[in-house]
Amino acid sequence: MPETFKRETKYGLTVLTTTDEGLLDYLNQVVQQVQTWLMGGDVQRLVVVVTGADSGDTLERWQFNVTVEGELAGENQNPNNGPEKTSDKSEKEIHNEIQAIIRQITASVTFLPLLNEPCTFDLLVYTNKDAAVPTKWADSDPCYIMNSQQVKLRSFTTKVRLIMTIPYYL
């Protein structure tokens, strides 16, 4: 529904963001939990799965692999905010890398199959086995796509020393 999106500038690019209150609430809850896991070094990968609402088939699967460089826990303890993370990389450099990935994802539309049915999405988070998981969260099928092709996109490193690589499966 186009009416539930607005144009915003993020990382120097114009992107569409949702205005749907229910979706914003859901995404805020997910982001809060994922941030806790990321800062604890518990995330191995994040996956966005696009599913046909009518067919139930997995149509797209975007996988973001997360690698933590060095120890996160206990580094440069900040009594107010927990461990501080450091990097030699400036925020501008990180934004430029994220911008490049957003451009790659946007450009991928040219070779992706057209989705001809209403779609839903799900967010899968692969954590370490000992990560504390809220009761609202549930285990899921990995939602693989049979006979898929993988397209590797750029990777980037953030100032919290996380490296994300993004293979996409068609």
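View 1. The side chain of Gln63 is in polar contact with the side chain of Arg61 at 2.7 Å. A second contact, of 2.8 Å, connects the side chains of Gln63 and Asn65. Here a polar contact is a pair of N or O atoms within 3.5 Å; within protein, one must be able to donate a hydrogen and the other to accept it, and residues adjacent in sequence count only if both atoms are side-chain atoms. Gln63 belongs to strand β4 (residues 58-68) and is buried, with a relative accessible area of 7%. Buried stands for under 20% relative accessible area, exposed for over 50%, and partly exposed for in between (1.4 Å probe, protein chains only).

A note on what you are looking at: this is a predicted model, where local features need pLDDT of at least 70 and side-chain atom pairs count only at pLDDT 80 or more, while totals for chains, interfaces and linings use all residues. Residues are numbered from 1 along each chain as its sequence is written, and side-chain values use heavy atoms, with hydrogens and water left out.

**View 2. Trp37 meets Trp137.** Rings of Phe, Tyr and Trp (its six-membered ring) pair if their centres lie within 6.5 Å, with planes under 30 degrees apart called stacked, over 60 edge-to-face and the rest tilted. That rule gives two aromatic pairs. In one, Trp37 and Trp137 are edge-to-face because their ring centres are 5.0 Å apart and their planes stand at 75°. The partners are 100 residues apart: Trp37 is in helix α1 (residues 21-39), and Trp137 is in the loop between β7 (119-127) and β8 (150-157). Helices (H or I, at least four residues) and strands (E, at least two) are DSSP runs, numbered from the N terminus. Trp37 is buried at 3% relative accessible area, whereas Trp137 is partly exposed at 25%.

**View 3. The second largest pocket.** This pocket holds about 630 Å³ of space. Its lining has 20 residues, and Trp37, Leu123, Val125, Trp137 and Ala138 are the closest to its centre. A pocket is an open set of points on a 1 Å grid over the protein atoms alone, where a 1.4 Å probe fits, with protein on both sides within 12 Å along at least five of seven lines; lining residues have an atom within 4 Å of a point. Grid points are joined across faces, edges and corners, and the volume is the space filled by probe spheres set on the points. Strand β7 gives the largest share of the lining, six residues.
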